[in-house]
Amino acid sequence: MSIYFVHSAKKVAAGFGLACIALITGCATTPPYDYTAFEAHKPRSILVLPPVNQSIEVGAPYIYLSRVTQPLAEKGYYVFPVAVIDQLMKENGLPTSTDMHNVPLAKIKEIIDPDAVLYITIDNWGQKYQVISSTTVVKVSGKLVDVDTGTLLWEGHAEAVQQSDDGGGGLIGALVSAAITQIINNKIDHTPQLARIANHSLFHTPDQGLLDGPYREESTNLGQP
Amino acid sequence: MNRFKIAVFTLCAATLFSGCAQQSTNLYHWGSYENIIYKSYEKPGELSIQEQIEMLNTDITKAQDKGKKVSPGLYAHLGYLYFSDGDEAAALQAFNMEQTLFPESYPFLTGMINRMQSGQQP
């Protein structure tokens with residue numbers, strides 16, 4: 001019993017290290033973003049269009065869409081109802097996200113009237129199997145555009161990676177462990193959770209993400225925590 | 001073991017976020033809004049429209065109990081579900097609530113309401 005505990009503690013330590021390496025890349029090192037255009041327009045409301053998908057995972061755009069509202073709204077912006085907007089566009093002859101991204105800003109302003117539009121691209125998405133481990137990746141990039149002028153207000157990218165490692169214990173042990181992990185992982189899709197983490201990093205990383213929107217500023221000014 | 005890994009991963013993510021991003025309290029009560037969106041795309045039909053309406057109404061009650069606002073988009077989504085269920089009066093009420101809570105949605109939802117009331121798809 002105690003041997004098992006020690007072994008699993010080692011595994012946990014290894015897993016912790018790997019996961020942290022994967023996440024830490026979003027922070028620091030890069031120079032601060034130039035927010036001049038952002039501050040000049042100060043959007044209140046953001047329309048998130050369904051993302052354009054560069055990955056091979058067909059379902060990625062809609063998993064992404066279900067994990068974008070919370071981190072964006074908690075940053076202080078009004079976020080239009082993503083699924084209702086998707087439905088509206090489909091019913092108006094725009095079946096794909098590429099079609100939706102090509103709608104002129106003037107038309108978007110007329111029908112939806114957001115201050116800014118967020119165009120997301122999914123650069124990489126899903127699980128890859130290596131010999132003794134598997135990696136799940138969500139990599140996205142975004143551009144925020146002022147609806148009146150077409151000015152680029154902000155752009156950024158983020159990646160979240162989950163490594164299901166083995167904890168040492170020899171190659172055979174590792175292979176068995178990898179096989180078990182794969183069986184378990186096949187049942188659980190980690191991409192929604194990773195999409196949430198990637199979005200959090202995309203919008204909330206200081207000096208790289210978005211500036212605080214009006215609802216966050218109001219709550220800060222009122223002295224609420 | 002897998003659950004354990006998720007816990008470790010989450011712990012790690014939380015540690016890092018608190019390190020590099022400012023920790024702040026949520027502005028909104030979130031509840032099931034985003035999971036309903038997830039399920040409606042990933043597992044269509046698993047939740048009926050009525051079940052989704054019930055879940056969102058439960059979230060509204062919970063938010064009131066906690067003294068928090070519901071999230072942006074929730075009432076608009078609820079309104080759309082009511083419309084799909086054939087209840088235009090309830091849809092109108094929900095669209096109006098979204099407009100009151102978030103005036104940014106006013107022009108968009110006014111268009112939805114006008115289309116609905118003239119017998120079109122909103």
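Two residues are taken to be in contact if their C-beta atoms, placed from the backbone, lie within 7 Å. Helices (H or I, at least four residues) and strands (E, at least two) are DSSP runs, numbered from the N terminus. A residue is called buried if 20 or more other C-beta atoms lie within 10 Å of its own, exposed if 12 or fewer, and partly exposed in between, the C-beta atoms again being placed from the backbone. This is a predicted model, in which local features need pLDDT of at least 70 and side-chain atom pairs count only at pLDDT 80 or more, whereas totals for chains, interfaces and linings use all residues. Residues are numbered from 1 along each chain as its sequence is written, while chains are lettered from A and ligands numbered from 1 in the order in which they are written.

Chain B contains six helices and two strands, arranged along the sequence as α-β-α-α-β-α-α-α. Of its 122 residues, 34% are buried, and among the contacts in chain B with a separation of 6 or more, 48% join residues 24 or more positions apart.

Helix H4 of chain B is largely enclosed by the rest of the structure, because 10 of its 11 residues are buried. These buried residues include Leu74(B), Tyr75(B), His77(B) and Phe83(B), and what covers the buried residues of H4(B) includes H5 of chain A as well as H2, H3, strand S2 (69-70), helix H5 (88-101) and helix H6 (106-117) of chain B. After H4(B) comes Gly86(B), with a positive phi near 85°.

In helix H2 (residues 33-42) of chain B, the buried residues are Tyr33(B), Glu34(B), Ile36(B), Ile37(B) and Ser40(B). They lie on the same side of H2(B) because they cover an arc of only 160° around the axis, the arc being that of the directions from the helix axis to the C-beta atoms. An α-helix has 3.6 residues a turn, so residues three or four places apart point the same way. The buried residues of H2(B) pack against helices of both chains, among them helix H5 (82-91) of chain A and helix H4 (74-84) of chain B.

Most residues other than glycine have a negative phi. Asp207(A), in the loop between helix H9 (191-204) and helix H10 (214-221) of chain A, has a positive phi near 70° and is exposed, with 11 other C-beta atoms within 10 Å.
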